Amino acid sequence: MALRSHATINMKICLKLLTVVCFSVLIKGEYQLKDLEFNFKQGDPPPRIFTAEQIAEYDGSDPKKPIYMAVKGVVFDVSKGINFYGKGASYNALVGKDSSRGVAKMSLEPEDLTHDISGLEPDVLKALDDVFQGTYMAKYPVVGYMDYILDKYHDKFVQLKEKVEL
């Protein structure tokens with residue numbers, strides 16, 4: 001009888017653990033990348049819109065130009081981090097492009113140095129949001145946006161154009 005009650009208790013514990021694990025996986029699987037927030041103010045100059053070719057000019061190879069990189073379509077001036085992002089520095093591979101996938105995966109592999117974040121796991125997307133807010137938005141000035149986000153945030157850019165024209 002005691003053996004059976006121990007087995008029942010163990011089975012109940014296993015079921016509870018399985019429920020917790022399954023619930024955690026469900027919650028983890030629901031993570032959605034946070035939308036960008038725009039703080040356009042009347043009187044501010046309009047933000048610059050970069051193409052891939054234009055941002056490539058700011059890759060740290062020309063000491064007379066600032067160093068730019070984009071994450072989630074937002075272009076940052078990372079020049080004050082020249083020891084990290086400058087020519088020959090450890091994270092120089094990230095600059096002169098939108099490296100969202102590389103930032104999310106903490107990877108400098110050439111195939112990850114892209115804005116394409118499709119297929120990334122929810123925990124990696126969350127890491128991208130955390131680094132975007134905690135590092136880039138907190139430390140570096142925003143100097144513009146990548147052209148590929150214009151469609152997604154069309155209404156925000158229309159509002160900006162209206163404010164600038166006033």
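Reply: Buried means under 20% relative accessible area, exposed over 50%, and partly exposed in between (1.4 Å probe, protein chains only). By that cut-off, buried residues make up 31% of the 166 residues in the protein. This is a predicted model, where local features need pLDDT of at least 70, side-chain atom pairs count only at pLDDT 80 or more, and totals for chains, interfaces and linings use all residues. Residues are numbered from 1 along each chain as its sequence is written, and side-chain values use heavy atoms, with hydrogens and water left out.

Now to the core itself. A nonpolar core is a set of buried Ala, Val, Leu, Ile, Met, Phe, Trp, Tyr and Cys residues joined through side-chain atoms within 4.5 Å. The largest one has 25 residues, and those with the most contacts inside it are M69, V71, F76, V78, Y85 and Y136. At least two residues of this core come from each of β2 (68–71), β3 (74–77), α4 (100–105) and α5 (122–139); helices (H or I, at least four residues) and strands (E, at least two) are DSSP runs, numbered from the N terminus. Helix α5 gives the largest share, five residues.

Leaving aside neighbours within four places in sequence, F76 is in contact (heavy atoms within 4.5 Å) with I67, Y68, M69, V71, F132, Y136, M137, Y140, P141, V142 and V143. There is also a second, separate core of seven residues, including I55, Y58, Y68 and M146.
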